[in-house]
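Welcome! Take a moment to look it over before reading on.

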Amino acid sequence: MILDKINASNDVKKLNKDELVPLASEIRDFIINKVSLTGGHLASNLGTVELTIALHRCMNFPDDKLIFDVGHQCYTHKILTGRKDGFDTLRQMGGMSGFPKRDESSSDAFDTGHSSTSISAAMGFMKARELRGTGERIAVVIGDGSMTGGMFYEAINHIGQMKGSIVVVMNDNEMSISRNVGSLSRLLTRLRIGEGYNDLKKGVERKLISIPDIGTKVARSIKRQKDNIKNFLVPGHFVEELGITYIGPVDGHNINEMQSLFEKAFRLGRPILVHVKTKKGKGFAPAEKYPTHFHGVGPFDKRTGREINKKTEPTYTDVFSKTLLSLGETNEKIVAITAAMSRGTGVHEFKKKYPERSVDVGIAEEHAVTFAAGLAAGGYIPVVAIYSSFLQRAYDQILHDVCLQNLHVIFAIDRSGIVPGDGSTHQGIYDTAYLSDMPNLTVIAPKNAVELKDAFDFAINAAGPVAIKYAKGTAYAGLSDKEESFEKGKAELIYPFSKINILAVGNMVEQAALLREKLLSEKGVSAGLVNVRFIKPLDREMVIKTAGNSKKLIVMEEAILSGSVGEAVSNILFEEEINTKLYHFYVNKDILQHGTVKELREDLGISVEQIFEKIL
C-alpha cells in the first residue's frame, strides 16, 4: 500500500505523481474504516482528500502553516503528518482529537473548532513572519459555509493591507462540480497566475505611465475596460476589489492541477483566494447522498452506512423540535431562527411546515441574535436555536441588543453542559457564567423532557428575554410524576428535606436522583432533592430553607465555578450566616477534552459513585 510510505510529515512529497490518485483512494478507505468504528466527521473529510494532498505537496511541515477553518476536515492532514495510528482512538478519552490541536502535533498550526476564524488567525501568522523576516508558507482552508460568518468579511477587508504571500483555499463543497470548472476557467486561471502574464502586465503599465500627458489616462482607461471584462468572466471580482487575487473555480479532486496552481500562487507573494469545487462525502455513496447526516456521525456499518446502536429514545433536541412545532400551530407570532444548524437544533420540522416563519441566517450567530431583537421589537416572538458553544460568540448582542432593551427573545440553547466527542471547543460548560449576570434575562435549566416543554410554554407567555438550556443526548423521562406548577424564580422540592439535601441543576437532576437512590439502598440514608429549575432568578428562599434543614448541602451542576449556582448558594449561606457543610460538584477544569459524558464526569470527580463516596 502507498499509505504505508506515509509515516511522518512531508513523506507525501517523496511520492511519484502516479502514486497520488491511488493514495487518495487509500486515504478515503482508511477514513471510512476508522470513522465507522469511532464515529466522527465523515463527509467533510472525504471531500477534502485531494485538496489536502495537493497542499502538502507544496508545503513543508511544521515550518509552514496550514490553518483549517472549523477544523472538522483535518483527518487527511493528520494522516499525512504521521498520525494514522492515532485514528483507533479518534475522539476517545485520552486519544486523538477530531480537530487540529497544537499540543497534539507541531504540524497543527492553530486550534480551531468554530467557523470563520481561520483567515484572521493566518493574518496574525503573516504579521509574525513579516516581523521575523522569515519566509514560511501560509495557507488557509475555509468552507463556503464559513464565508457567511462576519469574521470572514472583517478579515478580507483587512487582508489587502498585509504584505506577503497567503493562499486562501475556499472549499466549495456543493453536491456536484459546476460547469465553471472547464477549459475557459482553467485558461483564465493560468493566465492570471502565470509569471509571464504578471510581469508583462506590470511592464505595460510602467511604459504607459511614463508617456507624458496621456500615459496615465490611457493606463486607467485600459484598466477600466479590463475590469469590465473581468466582472463578466471572473466570479471573484468582489474579493479582488479588496486586494485579493481570485483564482478558480478549479476541480478540487484533481491533485496535479491543484498542486501546480498552489505552487504558482505561493510564489506570487500576495494574498490569493483559490476557489476549489469539491464533492462532500466523495467516495462513499451514503455520504454523497446524505452529506448532512454524515457530517458528524456515530459508529456505522460501512457496507450500508447505517449507524450502529443508534438510540431510538427521543433526545432533548427531538423534544424541543416537537414543542416548537406545537407552539407554532397555536401562536402565529412565533418565528424560529437558527445559524446554519436547522437540523442539528431541531428547527427543520418547523421550517418544513412554516417556511415563512423560519429563518436560517447562516454561520452568523451575532447577526441571528440582533436580527431576533429587531423581530421582537417589531411585535413577534423569535425563538433563537443555537448550540451553547456557538451562542457565546453573540455575547455582546445578547447583552446590548436583547437584554438591555428587555425584548421578548427566547434562546433555545442546545448542547448545554458536558458535550461528548468534539472536545474543548464544543463544550457547553460556560453558558451559566455568561448568562447568569445578564440584566432582565430569565435562565431555565429543565430537569427532564416534560419540564422542557413546560419551560417553552412559560417562555412564550413571559415578558422579556428567556434562555432555556438543555443537554445533548437522550431526554430524561424520570420524575415526571413529581411535576409542580411552573412559576418564575421558583425551585421545585422533589423529595422532602433530610439531613442530606441536594440542589441539582438541569441534566444533573437525573444524576442527583440516582445518588439519592444509592444513598437510600446502600446506606439507608434519606436525602432531600430540590430541582433548581431557575438559574436566574435563583430561588433564594428555597436555598435558605434547604440549607437550614441540612447538615450536608450538596450542589450538582455541569458548569464552571464562575457564575455558577453553587457560587451563588455559597454567597447566600455567607450573607445569611447559615453554618452548614456545603459540597459543590461542578466542572472544576476550565478546559475539557474529548470523551464520553460518563468519562468526563469521572475525570472531574462528579460521577454518582464519586459524589457518593465523598459525601459519606
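Which residues point one way from β9, and which point the other way? Ile410, Ala412 and Asp414 point one way, while Phe411 and Ile413 point the other way, and all are buried. Please keep in mind that this is a predicted model.

- Strand β9 spans residues 410-414 and is mostly covered, with 5 of its 5 residues buried.
- In a regular strand, side chains alternate between the two faces of the sheet.
- Strand β8 (residues 381-387) runs parallel to β9, and 5 bridges join the two.
- If you look for Asp414 in β9, you will find Tyr387 standing opposite.
- Strand β11 (residues 466-469) also runs parallel to β9, joined to it by 4 bridges.
- Val466 in β11 is the bridge partner of Ile410.

- Strand β5 (residues 271-277) is largely enclosed by the rest of the structure, because 7 of its 7 residues are buried.
- Both faces of β5 are covered: one side carries Pro271, Leu273, His275 and Lys277, the other carries Ile272, Val274 and Val276, and all are buried.
- Strand β3 (residues 166-172) is parallel to β5, with 7 bridges between them.
- Within that pairing, Val169 has Val274 of β5 as its bridge partner.
- Strand β4 (residues 245-251) pairs with β5 in the parallel sense over 5 bridges, and Thr245 stands opposite Ile272 in β5.
- To get from β4 to β5, the chain passes through helix α11 (residues 255-267), and this β-α-β crossover is right-handed.

**Cavities**

- Rolling a probe the size of a water molecule over the atoms shows where empty space is left.
- Searching the whole structure turns up 4 cavities of 30 Å³ or more.
- The largest cavity holds about 120 Å³ of space.
- Its lining is made of 15 residues, and Ala445, Lys469, Val505, Gly506 and Asn507 lie nearest the centre of this largest cavity.
- By type, the lining of the largest cavity divides into 7 nonpolar, 5 polar and 3 charged residues.
- The second largest cavity has a volume of about 50 Å³.
- Among the residues that line the second largest cavity are Ser115, Gly149, Met151, Glu365 and Arg393.
- Helices α6 (150-159) and α16 (365-377) each supply at least two residues of the lining of the second largest cavity.
- That lining of the second largest cavity divides into 3 nonpolar, 4 polar and 3 charged residues.

Key. Residues are numbered from 1 along each chain as its sequence is written. This is a predicted model: local features need pLDDT of at least 70, side-chain atom pairs count only at pLDDT 80 or more; totals for chains, interfaces and linings use all residues. Side-chain values use heavy atoms; hydrogens and water are left out. Buried means under 20% relative accessible area, exposed over 50%, partly exposed in between (1.4 Å probe, protein chains only). Two strands pair if DSSP finds at least two bridges between them. On a 1 Å grid over the protein atoms alone, a cavity is a set of points where a 1.4 Å probe fits but cannot get out, and a pocket is an open set with protein on both sides within 12 Å along at least five of seven lines; lining residues have an atom within 4 Å of a point. Grid points are joined across faces, edges and corners, and a volume is the space filled by probe spheres set on the points. Ala, Val, Leu, Ile, Met, Phe, Trp, Tyr, Cys and Pro count as nonpolar, Asp, Glu, Lys and Arg as charged, and the others, Gly among them, as polar. A crossover is right-handed if, with the strands pointing away from the viewer, the path from the first strand over the helix to the second runs clockwise.
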